[in-house]
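Here is a short note for a colleague who has not seen this structure before. The points below go from the arrangement of the chains to single residues.

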Number of protein chains: 4
Amino acid sequence: MINVTVWNEFYNEKNSENVALVYPDGIHSAIAQFLGEDKDIKVRTSTLEDEEQGLSDEILKNTDVLIWWAHSLHGYVRDDLAEKVRDRVLSGMGLIVLHSGHLCKPFKLLMGTSCTLNWRDNDRERIWCCNPSHPIAFGLPAHFELESEEMYGEFFDIPKPDDIIFLGWFKGGEVFRSGCTFNRGYGKIFYFQPGHEEFPTYKNINIQKVITNAVKWAKSDVTRQDFECPNPEALEV
Amino acid sequence: MINVTVWNEFYNEKNSENVALVYPDGIHSAIAQFLGEDKDIKVRTSTLEDEEQGLSDEILKNTDVLIWWAHSLHGYVRDDLAEKVRDRVLSGMGLIVLHSGHLCKPFKLLMGTSCTLNWRDNDRERIWCCNPSHPIAFGLPAHFELESEEMYGEFFDIPKPDDIIFLGWFKGGEVFRSGCTFNRGYGKIFYFQPGHEEFPTYKNINIQKVITNAVKWAKSDVTRQDFECPNPEALEV
Amino acid sequence: MINVTVWNEFYNEKNSENVALVYPDGIHSAIAQFLGEDKDIKVRTSTLEDEEQGLSDEILKNTDVLIWWAHSLHGYVRDDLAEKVRDRVLSGMGLIVLHSGHLCKPFKLLMGTSCTLNWRDNDRERIWCCNPSHPIAFGLPAHFELESEEMYGEFFDIPKPDDIIFLGWFKGGEVFRSGCTFNRGYGKIFYFQPGHEEFPTYKNINIQKVITNAVKWAKSDVTRQDFECPNPEALEV
Amino acid sequence: MINVTVWNEFYNEKNSENVALVYPDGIHSAIAQFLGEDKDIKVRTSTLEDEEQGLSDEILKNTDVLIWWAHSLHGYVRDDLAEKVRDRVLSGMGLIVLHSGHLCKPFKLLMGTSCTLNWRDNDRERIWCCNPSHPIAFGLPAHFELESEEMYGEFFDIPKPDDIIFLGWFKGGEVFRSGCTFNRGYGKIFYFQPGHEEFPTYKNINIQKVITNAVKWAKSDVTRQDFECPNPEALEV
């Protein structure tokens, strides 16, 4: 059983009618719903307005894979909590960063780069798989379309990904490394570009498959607790 | 001074009026022309109909960077010569494989994969740089357009590139890893997707910059002659 | 269930008393024995002297993961069979290349490089894990020792591995990238350095764990049958 | 001309007689001395006790490649200055982190991991090159020895390096990825393990060659000033 926590800043859904129409219970609820249908996944949600901003020790300790959606309130996340999330990833927790989460504190701490990109509201996107044997691509077609999605374009200032799984094509003329994996410490990280709050991206069956696959991929079998620098004796030679 | 040999099968230019109109002296001549304007590059050309198919020991020995264009006659290249090219790359010769060269024998020998892809005649392409600090991208804009180019689309069956420099966007709806680097042995390899024989791609100033940059990048400072497996004594411990 | 075929040239065991004492039934049998104890693995063996050199279509078609041990008879393996093995890997079959298999035809075809290295008989080796969260390292200690092993040392002429899992330390003063992974097409490849025929390496519990882990890692969930270059219509834009 | 700044916390040299005997003018001076002999390099030094901890805007702005040596006072480096160094790297400044600098703030910010490792005082090290055609290995032998060096051993908690150039062998039984490169933003980073303050490592001709090579490799031809997320219009399609 994989323990997943879907974290959401949960702001746009409560402050924009457009968004509320698409995700009346919040993006986290929409994601939790389809993940909860998988028999191997046990899902819960938490949000910025919860105690400890939804990132308490109890929650992080019991999370195998954390999904992060945020857009408007990156700056409100406490630095100490962002560092706790980073440290949990280094200890082995999986992290799936969605869409505008590219600028969230934990992702930037783990990447070390600015994570900036180009963007434009409301374009048509076609997502291509350039790594069809990767577990995150399992069961996905060679390409699929999102009628409305926010364009994210290169240059995306990230470290070289371990694997690029998806490339995004936008009608407006751009391309993007839309699905990228990174290992940091014992933790696996997947960044996935689609998911603007005004569009029903998370109700798309292919998007749901990608995120479900990513959860299963990101679950680590091993964890690390101690981050000291040991000083051992010389070995038998 | 970098010794460059531009190799071309030189078939379409002599057997298709369309192509002859664009490249009356062959694609190799068009490439040699702009490379020859660079004071650090000494360029010559060779073609399939030359002695030893244009890949004699004398030529290979005196080539720092080999540029390869081919389309229709991959099967006519002798296996022993393809293997010589591969071995020269492992010894330190740079190799730049252009467009339909993705199926040429030396490239397939070096990659180990099928190098297959999707394709379609005559689309509009926009090339994006996703690695702007790489030497091959030096002086290039964030993106540039080719009014007419052959679409090459994913899945492109290559090993994971060391670096992806360019991504191609096609009006017809596809994307492609259009500029990729690989190290093999002591040699550097750059694959670059644009360059269909019916279009004046190699007269485009940005394409010329990319290829010129790639030549300078692919020149190796060190070479290897011996491919034995040495059997040394134990070292002082 | 993972269908594993352990292929062995099976020569040294029949032509050297030293080797026969260690592996009286052949290295393939020793490997098949411990793999067969895993409930998820169904194992068979084949050797160079079998029909079709032990690499018949029937065998390859029904093999999820092929393990390859060879040393003295690389040149006797038929080129067409080596190419079939390569093609099966590109189609999704896993390949585990052991020790002196570094010079076998299928591995060289897949790598594209010379795969040469330094070597010396009979040294003491300590294997370190530099990627402890990788599935192939699961359950392994930070390091373990082999009292007697053949030294393999750098420079090892392979393409940059996707992941380096193990580094070898040799008492005689050398180091080696002893456990490396590569993806080629849909197939996963693991090269593992220990396993000289005169030493009981494959009876070491840690070595057995590594190979068992590698089998489970190398099994692909997806396969590819067609290696054409499709020519699709333009998509809806 | 490459503008190099050698930064040193300059503490051990003033507080330990052993160290003062080896580096009476500080490690920074020893490094600056051999770098200054290269006609392409213009070198200056700065230390923790300088104004703005030796990391003023003026210094950082005029530094193409920053070399960092530190050991005891990582915690004293101001967070805002560590972030400035990180940002300058993302803008294109090269960074060479030496030995115990693996725990310095700028390196940890850029890596995103704990950068922890195993260590032991005073061992004999042999450094092997596993990437002989990389510019940082230019002119270096296949291996070279350091009679006395601090052992640094795996597991080294860093992101997967872009390239591993050197592997360290230690008489006491350990191995280490001793020379690793990383690209972050427009900046190139080289971590190099040797350089304990009690030993004359920086007087070793091979060590000097490595650092000189690394300076030339780390100099970027392009820089980036703006880290916004642009919001462009759709392109002509």
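What rotation superposes chain D on chain A?

1. Relation of the chains. A rotation of 180 degrees, with 0.0 Å of shift along its axis, places chain D on chain A with an RMSD of 0.0 Å; this is the relation of a two-fold axis. Copies are superposed by least squares on the C-alpha atoms of residues with pLDDT of at least 70 in both. D:Gly112 is the residue of chain D that comes closest to the rotation axis, its C-alpha lying at 2.8 Å. Chain A is likewise superposed on chain B by a rotation of 180 degrees with 0.0 Å of shift along its axis (RMSD 0.0 Å).

2. Basis of the values. The model is predicted: local features need pLDDT of at least 70 and side-chain atom pairs count only at pLDDT 80 or more, while totals for chains, interfaces and linings use all residues. Residues are numbered from 1 along each chain as its sequence is written, chains are lettered from A and ligands numbered from 1 in the order in which they are written, and side-chain values use heavy atoms, with hydrogens and water left out.

3. Extent of the D–A interface. Chain D and chain A each bring 39 residues to the contact, where contact means heavy atoms within 4.5 Å. The area buried between them is about 2900 Å², and carbon and sulfur atoms give 55% of this. Buried area is the accessible area (1.4 Å probe) that two parts lose on being put together, summed over both. D:Gly112, D:Trp119 and D:Cys229 supply 16% of the area that chain D buries against chain A, more than any other three residues.

4. Why do the copies meet through the same surface? Of the interface residues of chain D, 100% are also interface residues in chain A, so the surface is shared. The corresponding figure for chain A and chain B is also 100%, so these copies too meet through the same surface.

5. Pairs across the D–A interface. There are 4 salt bridges between chain D and chain A, a salt bridge being a side-chain nitrogen of Lys or Arg within 4 Å of a carboxyl oxygen of Asp or Glu. D:Lys160 forms a salt bridge with A:Asp162, with the closest N and O atoms 3.8 Å apart.

6. Helix H3 of chain A. Buried means under 20% relative accessible area, exposed over 50%, and partly exposed in between (1.4 Å probe, protein chains only). Helices (H or I, at least four residues) and strands (E, at least two) are DSSP runs, numbered from the N terminus. Among the buried residues of H3(A) are A:Ile27, A:Ile31, A:Phe34 and A:Leu35. The buried residues pack against several elements of chain A, including strand E1 (2-8) and helix H7 (205-218).

7. Is D:His196 buried or exposed? D:His196 is buried, at a relative accessible area of 3%. D:His196 sits in the loop between strand E9 (187-192) and helix H7 (205-218) of chain D. Not counting residues up to four places away in sequence, D:His196 touches D:His99, D:Asp121, D:Glu149, D:Glu150 and D:Thr201.

8. B:Ile127. This residue is in strand E5 (residues 118-129) of chain B and is buried, at 1% relative accessibility. B:Ile127 and B:Phe166 are 39 residues apart in sequence, yet 6.4 Å apart in space, C-alpha to C-alpha.
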